[in-house]
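The following exercises are to be worked through with the sequence and the structure at hand. Each task is followed by a solution in steps.

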Amino acid sequence: MVIYLDNNATTKVDKRVLDEMLPYLEDEYANPSSMYQFSVKSSKAIAQARAQMKDFFGAKSEREVIFTSCGSESANMAIKGVLAANKNKRHIITTKVEHACVLNLYQTLEKQGYEVDYIGVNSSGELDIEELKEKIKPDTALVSIMWANNETGVIFPVKEIADIIKSKNPETKFFVDGVQASGKLDFDLKSTNIDLLGVSGHKFHAPKGIGALYVKSDVIIPPLIVGGHQERGMRAGTENVPYIVGLGVAATLAQDALKYELTEIKRLRDKLETGILKRVFNARLNSSISNRVPNTSNIGFEYIEGELILLHLSDLGICASSGSACTSGSLEPSHVLRAMGVPFTALHGSIRFSLSRYTTEEEIDYTLDKLPGVIDKIVNLSPYQDELNHLRNSK
């Protein structure tokens, strides 16, 4: 038995997605760039997927969609591309709580002489908009901010931020990491001042290894991968037809399931969250109560270790996470929770639960039945018994 509550790390591939992919792994294997009739179906399949992604993004044109391999590639292509097109501008802005694919790139850019400002968040994980306004300068080439945080689920008001950026400096470009917002929020990018936005298919029930980058039609960036003519010369390499097809199908299914995501998945998330906070005396919510994507809950269990919690849950068939899948192997506490000022007593004991449309009521009930016993077992082993007793008596 597996109770999978780590959907911000990756999601199950939808069977309908797999069914649409299979012909392009079996019979329709032609290179879509070839001239013969056999390749036409593959070429048309890519065009259809591009149209599906255009609708998913809410873009004006299919030409604003570039297929990539993942969210990290999309971020690198956007950020490096903007900077390469604006070589005379050396100032860039991001936040302290971005995903590693953005933060680590910015730290590399600092070593190359770029000036980087990292915007902070409050205790609920919400962005300091006033600080952002103050940091935008005439030589600011780029601002990059995630739409939804991968660890806490907190939503940043990127549409409003885009307007702020353009009012302060119309030439500054704005890249949004849309990976964790994909399938959970309506993008509708054509009505915004967002210049670039990246997504990764495996976060909304497509396979790993496929993503996309939205680039507004008036934004010019050079390719990250140079070679052949694919993607209108913006990304060289023979197209991964079956995965591109899968991404397009998953995007359409995600749009169709958006109402379910915002209602039923949110209800199950709230049930899990409320139940834990009610039944476990040393549990605390680590993020904004309301301003979150509907599937994510980050809960800190004070004075105990998160790794022990995850190991005990795994023994019971329950899969959760201590944070981003890209950093969960680190012993360092989450940079997101540290930026929020989460107390040291809860930093190492914080667990992220993230649901999907495959999560069931029975799975939530099972988790709520088993988790309190896991926490009690670990609490009894904690060296902080005086602090735990004080916390227990204060509840």
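**Exercise 1: Cysteines**

Cys319 has a relative accessible area of 27%, so it is partly exposed, where buried means under 20%, exposed over 50% and partly exposed in between (1.4 Å probe, protein chains only). This is a predicted model, in which local features need pLDDT of at least 70, side-chain atom pairs count only at pLDDT 80 or more, and totals for chains, interfaces and linings use all residues. Residues are numbered from 1 along each chain as its sequence is written, and side-chain values use heavy atoms, with hydrogens and water left out.

Task: Classify Cys101 as buried or exposed, and state how many disulfides the whole structure has.

Solution. Step 1: Cys101 has a relative accessible area of 13%, so it is buried. Step 2: A search of the whole structure finds 0 disulfides, a disulfide being a pair of cysteine sulfur atoms within 2.5 Å.

**Exercise 2: Strand E3**

Task: Determine how many residues of strand E3 (residues 91-95) are buried, and which strand E3 is joined to.

Solution. Step 1: Strands (E, at least two residues) are DSSP runs, numbered from the N terminus. Step 2: 5 of the 5 residues of E3 are buried, so the strand is largely enclosed by the rest of the structure. Step 3: His91, Ile93 and Thr95 point one way, while Ile92 and Thr94 point the other way. Step 4: E3 runs parallel to strand E4 (residues 115-119), to which 5 bridges join it; strands pair if DSSP finds at least two bridges between them. Step 5: Opposite Thr94 stands Tyr118 of E4.

Conventions
Helix = DSSP H or I, 4+ residues; strand = E, 2+ residues; numbered from the N terminus.
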